[in-house]
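Please look over the sequence and the structure shown here. The briefing after them goes through a few parts by topic.

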Amino acid sequence: MATQRRLEFTTHGRGSRDITDDVNAVVRDSGIVCGIANVCVQHTSASLLVTENADPDVRRDLETIFARLAPDGDPAYRHDLEGDDDMAAHVRSVLSDVSLTLPVADGRLLLGTWQGVFLWEHRSHGQCRRVVVTVIG
Amino acid sequence: MATQRRLEFTTHGRGSRDITDDVNAVVRDSGIVCGIANVCVQHTSASLLVTENADPDVRRDLETIFARLAPDGDPAYRHDLEGDDDMAAHVRSVLSDVSLTLPVADGRLLLGTWQGVFLWEHRSHGQCRRVVVTVIG
Amino acid sequence: MATQRRLEFTTHGRGSRDITDDVNAVVRDSGIVCGIANVCVQHTSASLLVTENADPDVRRDLETIFARLAPDGDPAYRHDLEGDDDMAAHVRSVLSDVSLTLPVADGRLLLGTWQGVFLWEHRSHGQCRRVVVTVIG
């Protein structure tokens with residue numbers, strides 16, 4: 001049995017946003033008690049992240065490290081039509097996850113206590129981001 | 001319902017190749033209209049990539065950055081039996097994806113307009129690479 | 001059809017451990033012959049890894065490179081309450097995989113000859129780590 005829903009989120013520039021409750025709402029509405037939920041972002045300059053949901057400094061530090069691994073405006077980039085953050089956003093997306101599959105139990109995501117699911121915007125400016133959630137049980 | 005098919009691709013040294021149509025052919029033949037497709041590469045020195053399908057400079061820049069994160073012939077490597085690209089290929093595979101799960105809708109992969117699915121060869125020389133596609137609906 | 005089981009592993013500080021047989025035991029007990037198995041770690045400072053199962057130097061070299069990409073005790077980290085390895089562990093987890101979905105064929109994981117599934121502990125001290133395996137067919 002498969003249920004699918006398309007969600008949209010407006011982002012406000014680079015940064016991550018907790019979408020655990022949004023995914024859980026789709027899981028609940030599916031009526032599927034045990035199985036998996038696939039979450040997939042429909043873009044190549046945004047991504048998904050499972051990380052700590054308690055101390056926001058974790059996600060601030062992830063920004064610091066990812067900015068080091070994929071610097072904005074690196075002189076080596078050839079793809080820079082949309083600005084200094086353009087190619088950096090593609091690299092950051094590849095180094096994290098475009099798609100995540102998570103277990104479902106008791107009709108909700110089965111996550112650890114400190115795990116949250118985040119939509120990670122990698123562009124400097126806000127965008128409208130589409131995310132597809134598919135629940136299988 | 002699950003359908004599975006094994007695909008083979010001959011690569012021509014380091015670089016990425018669009019396999020979106022190959023995966024979509026398996027999805028179409030499965031007859032599954034709504035669900036997910038799992039794509040899994042059966043190697044530890046090649047991987048999968050979802051990134052921009054329009055400007056090939058994106059994938060050229062990804063090569064540049066990945067060569068920086070996992071340099072060929074790094075003096076720190078102990079695993080170098082098969083050459084300078086041996087261990088670098090394993091690291092590049094871990095930093096990207098061995099396995100991808102993507103939504104299926106209307107009998108095909110539900111991807112964003114600019115998203116393509118690529119098989120990424122990390123070895124310097126061409127190889128025969130096996131990819132397993134499993135469609136669940 | 002979905003079958004789910006929760007596994008626990010005691011780790012002994014930073015390093016990776018082959019859990020392929022443990023996952024295969026869940027797949028076998030599920031009775032599912034063809035489908036997928038999702039493996040998900042319930043923590044944000046441990047992760048999963050598919051890499052070479054033959055030469056242990058591969059995993060030693062992965063430690064070297066990941067320690068370079070996400071250094072312990074980096075002065076840029078703000079999140080350091082639990083020590084020098086705290087934030088580094090979160091970054092390492094994001095750069096690898098919290099969740100993996102792998103094909104199942106003939107009642108077992110369909111992996112390449114050299115592929116193993118590893119639980120990767122990123123903290124310096126041993127921990128009890130929970131892993132959820134969901135098999136769908």
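Ser47(B) stands opposite Trp120(B) in β7(B). This is a predicted model, in which local features need pLDDT of at least 70 and side-chain atom pairs count only at pLDDT 80 or more, while totals for chains, interfaces and linings use all residues. Residues are numbered from 1 along each chain as its sequence is written, and chains are lettered from A and ligands numbered from 1 in the order in which they are written.

**The sheet in chain B**

- Strands (E, at least two residues) and helices (H or I, at least four) are DSSP runs, numbered from the N terminus.
- β4(B) and strand β7 (residues 115-121) of chain B pair in the antiparallel sense over 7 bridges; two strands pair if DSSP finds at least two bridges between them.
- An open sheet in chain B is formed by 3 strands in the order β2-β7-β4, with antiparallel pairing.
- β2 and β4 of chain B are at the edges and have a single partner strand each, so one side of each is left without a neighbour in the sheet.

**Helix α2 of chain B**

- Helix α2 (residues 57-69) of chain B has 13 residues and reaches 18 Å from first to last C-alpha, close to the 18 Å expected at 1.5 Å a residue; the expected span is 1.5 Å times one less than the number of residues.
- Val58(B), Arg59(B), Asp61(B), Leu62(B), Ile65(B) and Phe66(B) of α2(B) are buried (20 or more other C-beta atoms within 10 Å of the residue's own, with C-beta atoms placed from the backbone; 12 or fewer is exposed, in between partly exposed).
- They cover an arc of only 155 degrees around the axis, which puts them on the same side of α2(B); the arc is that of the directions from the helix axis to the C-beta atoms.

**Where chain B touches chain A**

- In total, 30 residues of chain B are in contact with 25 residues of chain A, contact being C-beta atoms, placed from the backbone, within 7 Å.
- α2(B) gives the most to the side of chain B that touches chain A, with 8 residues.

**Leu100 of chain A**

- Leu100(A) lies in strand β5 (residues 99-105) of chain A.
- Leu100(A) counts as buried because it has 23 C-beta neighbours inside 10 Å.
- Not counting residues up to four places away in sequence, Leu100(A) touches Val39(A), Leu48(A), Val50(A), Val117(A) and Ser99(C).
- Cys40(A) is 60 residues from Leu100(A) along the chain, and their C-alpha atoms are separated by 6.4 Å.

Definitions and conventions: Contact = placed C-beta atoms within 7 Å.
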